[in-house]
Amino acid sequence: MVDTQRKLLLGNLACVHGAIYAGMRFFAGYPITPSTEVAEGCSRELPRIGGRFIQMEDEIGSIGAVVGASVSGVKAMTATSGPGYSLMVENIGYAYMTETPCVIINVQRGGPSTGLPTKGSQSDTMQARWGPHGDYTAIAVAPSTVGDTVTETIRAFNLAERFRTPVTILLDEVISHQREMISLPKPGEHQVVDRVKPTASPEEFEPFAHTAGGVSPMPAYGEGYRYVITGLTHDAMGFTTNRPDEIKLKLDKLRNKILNFKSEITKLRIEMMDDAEIAFVSYGSVSRAVLLAVALARKAGVKVGMIQLYTVWPFPDEELRDYLVGCHKVIVPELNMGQVVREVGRILPPDTEIHSLLRYDGEILTPMQLLEKLEEVM
Amino acid sequence: MEHKLLDRIEIPHDRFEIRLSGSGGQGMILGSVMLAEAIGTDYTKRVIQTQSYGPEARGGASKSDVVISSNEIYYPKAMQLDMLLTMTQESLDRYYGDLHKEGVLIVDSGLVTRIPTDNYYGLPFTRLAREEAGHVMVANVVALGAIAAFTGIVPRENLIEAVLSHAPRGTEDKNRAAVEIGYREAMKIAKKE
């Protein structure tokens, strides 16, 4: 049988397919290597299905348009790379505060500043957690293959809608500019989540109501529910407040609506961990080199396994600790100067050794480099 | 440890790795995309295409790898090349060391002159494109035709179909001719051996 869904797909276009599958109908962006093909793909595909594509004047305008589109009831995203993400952080913070669901794709390249446009990197991992100022809890996912990129983009939209929050997809140049022969998901194969709409009458409606799950139902602007949206700290009605009890309630809401449901958000890939004495903990494109290194080391008789973090933020403290309980050594390879290694170190028992393997010269970690590190720590 | 781990590692040869390399603007990345698509029409094969280039639009080193396997491809980049195409002297100098000792080296013999081995195939792809196919821009496609002939990795018809799916309107004949010329010239050399 001919699989018409099978195609040689570019990582950046996998985002487009995943997003459209999840219901994305609005894209605003400003082109930047290595993310540009996401915008190109959206400009081709969205008009065909009644969606809207806008090339904005810059990244600040782009994320502003995305927030506005989402408030008017449309699933919206943008795509950029490190320098553009830096410009976007103010309005991403606005989206956290106003609890506006949206998806931001950061195709990471070397930095700081304009850095290395065509070289992969994982140096924005902490930025995805701490980009905007203030207290909030971030969600970020990290695919490692073209196929993953489709499913993780769908998941990112589902999480954004489910929790009324921005979600960052941490891609990198290695995945974004890679083409893989994959089968696209068929309709119905993946669940698609939509934001909960209010059932209260417009007169009784509270736009930032404190509900049991922490997530307030969200109408689209123009549906008859009139309310205020502001980046200032606000009460359940959306009005600015300086009352300590209401301030604390709002900030607790931003945190608890996510952390109380972490098990819905955490996603790990576990390989050969049953009897593992040494474990690699990785995320993003590096995971593929790890997978080969672990398979080769296992054939040579080494009890080593791997844990891949599809969800990087919120950091899966408890789940990771459970899987690492039998390991006495952990290696964290990253394409940066050491970011997630600190998070892993934070959750490990004091007698577990932690080793960092870092590369930040624009090239990617190879399976042989991982095996050399494994030999060194054994 | 009685034996060093690295000495005990055996990399299984279940992959076929191709690299197209040259200078930015020679169409190495597009060439590898067309090659990967043509190979991927065989449903029993898994294919990954990756690329590496500089920030310049023209010039600068450009390379693109195609990895083919019947098994799941964990690591997407090439590790030991089974075939290396070099369209410039610089790319040969830079990537020759990545070629497996039994790998196949193919060079544009009109542009590459210092070749560190006698064991290679040389064809003047750029000159053939300009003089026979009708435009210098199809040099990458001439090279693809030759790769199909030298390696047998993909049927010529599948390659032509993939190339034409990328050809701008009005260039179909030049592109088809380019594949045929590359294939024909490669067969002439291959038969001599």
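Analyst: In this predicted model, Ala289(A), Val290(A), Leu292(A), Ala293(A), Leu296(A) and Ala297(A) of helix 10 of chain A meet Pro367(A), Leu370(A), Leu371(A) and Leu374(A) of helix 13 of chain A. Contact here means heavy atoms within 4.5 Å, and helices are DSSP runs (H or I, at least four residues) numbered from the N terminus. The residues of this contact divide into 10 nonpolar, no polar and no charged; Ala, Val, Leu, Ile, Met, Phe, Trp, Tyr, Cys and Pro count as nonpolar, Asp, Glu, Lys and Arg as charged, and the others, Gly among them, as polar.

Now for the geometry. Helix 10 of chain A covers residues 286-299 and helix 13 of chain A residues 367-377; their axes come within 8 Å and cross at roughly 55°. Axes are lines fitted to C-alpha atoms over the stretch in contact, with angles from 0 to 180 degrees between N-to-C directions. Helix 10 of chain A passes helix 13 of chain A in a right-handed crossing, meaning that the near helix is turned clockwise from the far one by less than a right angle.

To place this in the chain, chain A is divided into domain 1 (6-183) and domain 2 (268-377), with bounds from an automatic or database domain assignment.

A note on reading this: residues are numbered from 1 along each chain as its sequence is written, and chains are lettered from A in the order in which they are written. Local features need pLDDT of at least 70, side-chain atom pairs count only at pLDDT 80 or more, totals for chains, interfaces and linings use all residues, and side-chain values use heavy atoms, leaving out hydrogens and water.

Technical notes
Helix = DSSP H or I, 4+ residues; strand = E, 2+ residues; numbered from the N terminus.
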